[in-house]
Amino acid sequence: MGVREIAEQLARVPMFSGCSARELSLIARAAKEVSHPAGTVIAREGEPGVGMFLILEGRAEVSIGGRRRRTLGPGDLFGEIALLDGGPRTATVTALTPMRLVGITEWVFRGLIREHPTIALKTLQAMAARLRAAAKGATF
């Protein structure tokens, strides 16, 4: 998948939807495509997170404390909290089917936002909106 296609996918993600075409292109260039077979634990709750992933193809299960919470599919994002704070994973994500993902590591993203602070601002605004929605009990 090329930079333009990745940028188009990122534009659909609430965290990046406020970014300009140029900013999305910069983020897309920093991203790397990865694949995982069914059954792979892509992120494990409590372990250090290295970044976030956007699902291009496939489905994954999210569990917290061993309890299934939801299923993710194409267009869904996970790992964004670790992307922003470098902390441990808040959930386990396991591939239910073969998966293609686009990943951005924390250290690459941090370098990107240092060089382009408008990306940081827009990302923070999107995360604040998600927190507000969560505080009101809304789904996002």
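Leu77 is found in strand β6, residues 77-78, where helices (H or I, at least four residues) and strands (E, at least two) are DSSP runs numbered from the N terminus. The model is a predicted one, in which local features need pLDDT of at least 70, side-chain atom pairs count only at pLDDT 80 or more, and totals for chains, interfaces and linings use all residues. Residues are numbered from 1 along each chain as its sequence is written, and side-chain values use heavy atoms, with hydrogens and water left out.

With a relative accessibility of 15%, Leu77 counts as buried; the term buried stands for under 20% relative accessible area, exposed for over 50%, and partly exposed for what lies in between (1.4 Å probe, protein chains only). Not counting residues up to four places away in sequence, Leu77 touches Val13, Met15, Met52, Phe53 and Leu54, contact being defined as heavy atoms within 4.5 Å. From C-alpha to C-alpha, Leu77 and Met127 are 13 Å apart in space and 50 residues apart in sequence.

The largest nonpolar core has 24 residues, of which Leu10, Phe16 and Ile27 touch the most other members. A nonpolar core here is a set of buried Ala, Val, Leu, Ile, Met, Phe, Trp, Tyr and Cys residues joined through side-chain atoms within 4.5 Å. At least two residues of this core come from each of α1 (3-11), α2 (21-30), β3 (51-57), β8 (99-105), α4 and α5 (117-135), and the largest share, five residues, is that of α2. A second, separate core of 13 residues includes Ala43, Phe53, Val62 and Val93.

Leu10 also has a place in α1, whose buried residues are Ile6, Ala7 and Leu10. These residues fall within an arc of 100 degrees when seen down the axis of α1, so they line one face of the helix; the arc is that of the directions from the helix axis to the C-beta atoms. Among the elements that cover them are α2, β3 and β8. Leaving aside neighbours within four places in sequence, Leu10 itself is in contact with Phe16, Ser17, Leu24, Ile27, Ala28, Met52 and Leu54.

Together with Val50 and Val108, Trp107 makes a nonpolar surface patch of about 290 Å². Patches are made of residues with over 30% relative accessible area and no salt bridge, like charges being joined within 9 Å and nonpolar side chains (Val, Leu, Ile, Met, Phe, Trp, Tyr) within 5 Å; accessible areas come from the Shrake-Rupley method with a 1.4 Å probe, and for residues only the protein chains shown count as cover.

Charged pairs come next. A salt bridge is a side-chain nitrogen of Lys or Arg within 4 Å of a carboxyl oxygen of Asp or Glu, and by this rule the count comes to seven salt bridges. One of them joins the side chains of Glu23 and Lys122 at 2.8 Å, N to O. Since Glu23 lies in helix α2 and Lys122 in helix α5, the pair ties together parts that are 99 residues apart in sequence. Glu23 counts as buried at 5% relative accessibility, whereas Lys122 is partly exposed at 25%.

Another salt bridge is formed by Glu33 with Arg100, with the closest N and O atoms 2.9 Å apart. This pair links distant parts of the chain, 67 residues apart: Glu33 is in strand β1 (residues 32-36) and Arg100 in strand β8. Both count as partly exposed, Glu33 at 35% relative accessibility and Arg100 at 21%. Glu47 forms a further salt bridge with Arg44, at 3.5 Å between the closest N and O atoms; Glu47 is partly exposed, with a relative accessible area of 39%. Through salt bridges that share partners, Glu33, Glu57 and Arg100 are joined into one network.
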